Amino acid sequence: MPKYYEYKVCGYYLYFTAKCIVEAFHVHASDSKLTEAGSAKFFVREDGSTLIQKKGTLSDKEVHKIQQFIKENYKDMYRTWQILSNNEFYKK
């Protein structure tokens, strides 16, 4: 599973899976197991704001911190996403 960064943000890895590149640009947040069970899923818009599809086991505070991190780093993360996917930002 490709990680956006090798380090954790709020104790979670930010990643995507090869099977989910058919969707719009998004970020999963999960513990060291990198499983979708209990993970959060954030769809990313062109301005770096996010729509939470699934909160998983994250607290509201963790969700907010991860959203802030994505907002600050979404352009870099998007370049990583584009290596494997032709899909763009979330439009809704």
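Which way do A40, F42 and V44 point from β3, and which way do K41 and F43 point? Keep that in mind as you open the structure, which is a predicted model.

**Stop 1: strand β3.** Select residues 40-44. A40, F42 and V44 point one way from the strand. K41 and F43 point the other way. Are these residues buried or exposed? All of them are buried. Five of the five residues of β3 are buried, so the strand is largely enclosed by the rest of the structure.

**Stop 2: the β2 side.** β2 and β3 pair in the antiparallel sense, over four bridges. Pick A29 and look across to β3: its bridge partner there is A40.

**Stop 3: the β4 side.** Now show β4, residues 50-54. This strand also pairs with β3 in the antiparallel sense, again over four bridges. Click K41; its bridge partner in β4 is K54. Then follow the chain through the hairpin of β3 and β4, which has five residues between the strands. Stop at G48, where phi is positive, near 90 degrees.

**Stop 4: the core.** Select Y4, L14, F25, A29, I66, I70 and M77. Of the 23 residues in the largest nonpolar core, these touch the most other members. Which element gives the most? That is α1, with eight residues.

**Stop 5: F25.** Centre the view on F25 and show its contacts. Leaving aside residues up to four places away in sequence, F25 touches Y4, F42, F43, V44, Y74, M77, Y78, W81, E88 and F89. Among them, F42, F43 and V44 take you back to β3, where the tour began.

Conventions: Residues are numbered from 1 along each chain as its sequence is written. This is a predicted model: local features need pLDDT of at least 70, side-chain atom pairs count only at pLDDT 80 or more; totals for chains, interfaces and linings use all residues. Side-chain values use heavy atoms; hydrogens and water are left out. A nonpolar core is a set of buried Ala, Val, Leu, Ile, Met, Phe, Trp, Tyr and Cys residues joined through side-chain atoms within 4.5 Å. Buried means under 20% relative accessible area, exposed over 50%, partly exposed in between (1.4 Å probe, protein chains only). Helices (H or I, at least four residues) and strands (E, at least two) are DSSP runs, numbered from the N terminus. Contact means heavy atoms within 4.5 Å. Two strands pair if DSSP finds at least two bridges between them.
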